[in-house]
Amino acid sequence: HPSGAGADPNPFLSGIWVFDVDVPVSIEEIVDGSARRIARHTIDAGNDWHAYRPGRVDIQRITPPEGAPVMVDVITQRRLDVTPYGLALEGRPFLETDPIAERIDATPQGFRLYLPATSEATLAVYHGSVTKRFEGRSSVAASQAQIAEVWQTYRKAHSLPLSVPEPSLQHQLAVNWDNVYRMVDQVDGNRHYHIGPSVYRGLWIGDATKTARAMVMLADTAGVRQLTETMRQYVLPSGQFKLMVPHTLYRETAIYVRLLALYAQHSGNADWLLARWPDVQRAIAFMEDLNATTFEDPSTLYYGLFPPGFTDGGLAGVNPEYSSTLYALGALHVALRAIDQFQIDEPRAQAWQSFRDRLAARYAEARDRDQITDRFGNAFVPMKMGPNGSSDRPTMAQWAVLEGVNYSGVYRGDEPIVQSTLSMFDAHRSQGLVRGVGWLE
């Protein structure tokens, strides 16, 4: 299984290596890969996927300034061989270029390819068992036309119910709207809204809820209802929502409450919410019980908040962290609002309000304790509690803070910590995107 020392702890399996019973092997040798040479049998998940999956060739088109040389950096940990056409993996083509690279150098990160001066170049990356080689630049136009036809066919099935005056923005909105439905699958009779076409073609409640927000904004409340009903199967008798295993992701329970409230709020379907209100009650009881376990030792970083858990999205391992608290505050916020909106007779409404107030107060104390600054002097609160929070990568897992600003009800937009956190994001951008928020630095 993946090591915490790796870049991403999410893959379920990196490989299978079989050793003779009398061969000593250390964890360090497994993590750095050196134990592979003494294994009796090996199956490496990445390389075997490349060898046996149905073939696909991904093409990247490059249009440099007229007559400019092209330099391509390939960042990879694979053991690739240099060939006259590009790079190969265990004798199979892996990456090829047109025009052919004049020189290929190994680098600490992978490889660097030097192409001759040209007005257009293409990169072909081979996946799986490819039987037909890339035909070069001449085949790109035909492939683009084929892709455009497929896109238009799918787009007509789910047309965007929104029009904006800027054509390029309209196109981007339509493409993203189409993607929501392109990755919907029927799994065991349930409708799963997945978030990616391949590696991330799976069900995660946090990501699915973000999709649901877009869907309700564009009036697809029926789709959100189907998504919500799919999620109910992951509610345990204790009230905990548990989809991601084996990780301890406490915030899933809070997100489930928010998803129920999201559909009810936008559909106005009070009867539907009342029929599922016991789910809300059990979920909040679970959060209350979980919070109660933290009062045993006042010296812990998470005293009065939530036990250490898995954060995800850039922060590996089980740590004292803030996402569980921010999302619980959000769940309580929307549950109390639903009581008012739908006139629900909830006997513990006052107790929920008191719980939320205590949790918000304790969060404010811990937040002030852990606040630090990045190298530009922007104040922020690391997602990981305590002195281990680092200013070296301040954006890491800060998506949870944005969720807290938008949905927890504990922040105002004009608060100094909110403004300084936004300034921190601005200071760590590349090509308009904030760097290092998730797994990739």
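## A tour of rings and cores

Start by selecting Arg103 and Tyr114: arginine 103 lies over the face of tyrosine 114, at 4.1 Å from the ring centre. A charge counts as over a ring if NZ of Lys or CZ of Arg is within 6 Å of the ring centre and within 35 degrees of the ring normal. Next, pick Arg251 and Tyr327, where the arginine's charged end sits over the tyrosine ring, 5.5 Å from its centre.

A word on what's on screen: this is a predicted model, with local features needing pLDDT of at least 70 and side-chain atom pairs counting only at pLDDT 80 or more, while totals for chains, interfaces and linings use all residues. Residues are numbered from 1 along each chain as its sequence is written, and side-chain values use heavy atoms, leaving out hydrogens and water.

Now select Trp177, Tyr181 and Tyr193, which form one aromatic cluster. Rings of Phe, Tyr and Trp (its six-membered ring) pair if their centres lie within 6.5 Å, with planes under 30 degrees apart stacked, over 60 edge-to-face and the rest tilted. Trp177 and Tyr181 have ring centres 5.1 Å apart and planes at 70°, so this pair is edge-to-face. Both are buried (under 20% relative accessible area, 1.4 Å probe, protein chains only).

Of its 76 residues, Met231, Leu273, Met287 and Trp352 touch the most other members. Apart from it lies another core of 16 residues, including Val70, Leu87, Ile104 and Leu115.

Technical notes:
Core = buried A, V, L, I, M, F, W, Y, C linked by side-chain atoms within 4.5 Å. Buried < 20%, exposed > 50% of the residue type's maximum accessible area, 1.4 Å probe, protein only.
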